[in-house]
Amino acid sequence: MSAVEAKLAELGLSLPEVVPPLAAYQPAVRSGRYVYTAGQLPMVDGKLPLTGKVGAEVTPEEAKELARTCALNALAAVKSVAGDLDRVARVVKVVGFVASASDFTGQPAVLNGASELLGEVLGDKGVHARSAVGVAVLPLDAPVEVEIQVELTEA
């Protein structure tokens with residue numbers, strides 16, 4: 001077990017299976033020392049635990065938990081092409097999309113769920129730049145979607 005996966009276990013979490021793509025793309029691709037994930041939905045065992053807009057059908061607190069799930073799914077996607085999460089030198093960038101009710105402006109707080117998980121699991125390597133974007137709708141009516149970019153250590 002890698003040190004990162006041991007840390008996940010310490011937090012009571014485990015790395016899920018990679019979420020299969022919903023269309024014509026790969027969950028993650030590697031280019032040199034970088035891994036780019038596709039947008040990861042908060043899928044658990046092949047389905048979304050909640051759907052709808054944050055600030056309407058989904059509370060900000062629920063959405064923050066869903067963002068954590070998205071980040072966990074993103075780490076699984078990274079591992080699928082990197083082979084080992086201990087190769088992560090740092091998370092460079094996180095981009096999060098929040099399906100938002102028209103008056104909801106708390107996207108950064110929702111995306112803290114993903115950012116905090118990456119920090120808990122990776123420590124200083126999890127500190128990153130980030131964008132939090134409110135959108136009208138996401139695939140499958142998901143409340144949140146997160147993609148990450150990581151730099152790997154030398155092989």
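**Reading the sheet, helices and pocket**

Guide: Start with a turn. In this predicted model, strand 1 and strand 2 form a hairpin, with two residues between them. Glycine 32 sits in that turn and has a positive phi of about 60 degrees.

Visitor: How many bridges join strand 1 to strand 2, and which way do they run?

Guide: Four bridges join them, and the two strands run antiparallel. Look at one pair of residues: serine 31 stands opposite tyrosine 34 in strand 2.

Visitor: What is the strand order in the whole sheet?

Guide: Read across the open sheet of five strands: the order is 1-2-5-3-4. The pairing is mixed. Strand 1 (28-31) and strand 4 (129-135) stand at the edges. Each has a single partner strand, so one side of each is left without a neighbour in the sheet. From one strand to the next, the twist averages 15 degrees.

Visitor: In which sense do strand 3 and strand 4 pair?

Guide: Strand 3 (residues 88-99) pairs with strand 4 in the parallel sense, over seven bridges. Here valine 98 stands opposite glycine 134 in strand 4.

Visitor: Which strands does helix 2 lie across?

Guide: Helix 2 lies across strand 1, strand 2 (34-37), strand 3 and strand 5 (144-152). Its angle to strand 5 is about 40 degrees. Helix 3 (residues 107-122) lies across strand 3, strand 4 and strand 5, running at about 145 degrees to strand 4.

Visitor: What span should helix 2 have?

Guide: Count 1.5 Å a residue: the 23 residues of helix 2 should span 33 Å. The end C-alpha atoms of helix 2 are 32 Å apart, which agrees. Glycine 83 follows helix 2, with a positive phi near 90 degrees.

Visitor: How are two packed helices described?

Guide: Use the angle between their axes and the distance between the axes. Helix 1 (residues 3-10) and helix 3 pack at about 115 degrees, with axes 8 Å apart. Val4, Lys7 and Leu8 of helix 1 make the contact with Glu120, Val121 and Leu122 of helix 3. By class, that contact has four nonpolar, no polar and two charged residues.

Visitor: What shows where empty space is left?

Guide: Roll a probe the size of a water molecule over the atoms. In this model, the largest pocket has a volume of about 330 Å³. Its lining has 18 residues; Pro16, Met43, Val44, Asp45 and Asn73 lie nearest the centre.

Visitor: Which element gives the largest share of the lining of the largest pocket?

Guide: Helix 2 (residues 60-82) does, with five residues. By class, the lining of the largest pocket has 10 nonpolar, four polar and four charged residues.

Methods:
Residues are numbered from 1 along each chain as its sequence is written. This is a predicted model: local features need pLDDT of at least 70, side-chain atom pairs count only at pLDDT 80 or more; totals for chains, interfaces and linings use all residues. Side-chain values use heavy atoms; hydrogens and water are left out. On a 1 Å grid over the protein atoms alone, a cavity is a set of points where a 1.4 Å probe fits but cannot get out, and a pocket is an open set with protein on both sides within 12 Å along at least five of seven lines; lining residues have an atom within 4 Å of a point. Grid points are joined across faces, edges and corners, and a volume is the space filled by probe spheres set on the points. Ala, Val, Leu, Ile, Met, Phe, Trp, Tyr, Cys and Pro count as nonpolar, Asp, Glu, Lys and Arg as charged, and the others, Gly among them, as polar. Two strands pair if DSSP finds at least two bridges between them. Axes are lines fitted to C-alpha atoms, for helices over the stretch in contact, and angles run from 0 to 180 degrees between N-to-C directions. Contact means heavy atoms within 4.5 Å. The expected span of a helix is 1.5 Å times one less than its number of residues.
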